Amino acid sequence: MLVIIVAVVLALVAWQGWQRLDSQQQRIDELTQKAESNASQQSVSELASRLDGGEAEREEALQGTLSELRDEFGSYRSEVDETLGQVLDQLSQEQDTDERDWLHAEAAYLLRLANQRLQLEGDVNGAAALLRTADARLVDAENPALTPVRREIANELAALDGVPQVDRTGLYLALNAQQEQVANLRLSQEIEERAVTSGIEQPPTGTFQRQLARFGQELKDLVVVRHHDEALEALVTPEQESYLRQSLRLILEQSQLALLKEEQDLYQASLDKALGLLNDYYDTDREETQNVIARLQELQQAEIKPELPDISASQQELTRFIENRHETRGQSGGDA
């Protein structure tokens, strides 16, 4: 019995011990689970903390990278803008240079044309107009270095203003009018026809001596006796008169041709020869002859080819300016 009791007690003790062990085991498991749970939460927290830290680092790195990219882009944009500005400025300068070169070339051409117009054609007004146009081109160039050229142009314009104007059309028409007047002039040896009027209106009456005296008086009125100190020239024949009038007409036409060709010596010589024929062969006592002679003498004094000034100084000055400009540009490689 005792054994049974001991056995029962032992069984009870063993069961209680087992219960305690089981509870302790459960407690240990719970503690283990708690420990594991705490460890997992800590790990998660650490992981979350790490993740947060990594996210912040990445955000910071990203912001840093973006900031660097912004800085680089801004610097690159500034460089591009600066380069583009330089290129545009250079292009603008090159365009301005080309425009000035065109103005210089145009002015040089106009000055050369003005010299040709004056020297070859004697066109004073045309040459002055070309000089003024060339000066306007130089004004558009806006270059103070062109002042010497403009000064020469001003001097040449003043010289052209002093050249007397020749009215060739008026002179030509005046000579043409004198030709028509000369054709109607009377020669000095031409016999003037006069109507014979007889004072005998009634048949003579009276004695024979009275009638003879009256007849002698009538005959005396019909005959005029003139005394000359110099020998009389032979009367010109009708053929010679025609030749004389034709020669005078040709001489006047020659003076017109000399007028158009601006041959001053031939012009004056032709009119001098025409005046000689008028004085030698025409009736200078008549008023119309004197008027023709006076008009031809007046026309003979006309200056048909005035002395022209030299207007090549401005052209030479501009040529030197253009050559120096090209030479300076070639040495510096830039704008002159």
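What is the volume of the second largest pocket? In this predicted model, where residues are numbered from 1 along each chain as its sequence is written, local features need pLDDT of at least 70, side-chain atom pairs count only at pLDDT 80 or more, and totals for chains, interfaces and linings use all residues. Side-chain values use heavy atoms, with hydrogens and water left out.

The second largest pocket has a volume of about 250 Å³. A pocket here is an open set of points on a 1 Å grid over the protein atoms alone, where a 1.4 Å probe fits and protein lies on both sides within 12 Å along at least five of seven lines; its volume is the space filled by probe spheres set on the points. Its lining comprises 14 residues (those with an atom within 4 Å of a point), and G122, D123, V124, V166 and R168 lie nearest the centre. By class, the lining holds 6 nonpolar, 3 polar and 5 charged residues (Ala, Val, Leu, Ile, Met, Phe, Trp, Tyr, Cys and Pro count as nonpolar, Asp, Glu, Lys and Arg as charged, the others, Gly among them, as polar).

V124 also belongs to the contact of helix α2 with helix α3. Helices are DSSP runs of H or I with at least four residues, numbered from the N terminus. The axes of α2 (residues 124-141) and α3 (residues 147-161) come within 10 Å and cross at roughly 160°; axes are lines fitted to C-alpha atoms over the stretch in contact, and angles run from 0 to 180 degrees between N-to-C directions. The two helices are therefore roughly antiparallel (an angle over 145 degrees). Their crossing is left-handed, the near helix being turned anticlockwise from the far one by less than a right angle. Contact residues (heavy atoms within 4.5 Å) include A127, L131 and L138 of α2 and I153, L157 and L160 of α3. This contact has 10 nonpolar, no polar and 5 charged residues.

Turning to α6 (residues 238-260), its axis lies 8 Å from that of α7, at an angle of about 160°, which means that α6 is roughly antiparallel to α7. The crossing is left-handed. Among the residues that meet are L248, I251 and L252 in α6 and L271, A274 and L278 in α7; the contact divides into 13 nonpolar, 3 polar and 1 charged.

Helix α7 (residues 264-281) also packs with α8 (residues 287-300), the axes coming within 9 Å and crossing at roughly 165°, so α7 is roughly antiparallel to α8. This crossing, too, is left-handed. Y267, L271 and L278 of α7 are among the residues in contact, as are V292, I293 and L296 of α8, and the contact comprises 8 nonpolar, 4 polar and 1 charged residues.

Technical notes:
Parallel < 35°, antiparallel > 145°, perpendicular 65-115°, else oblique.
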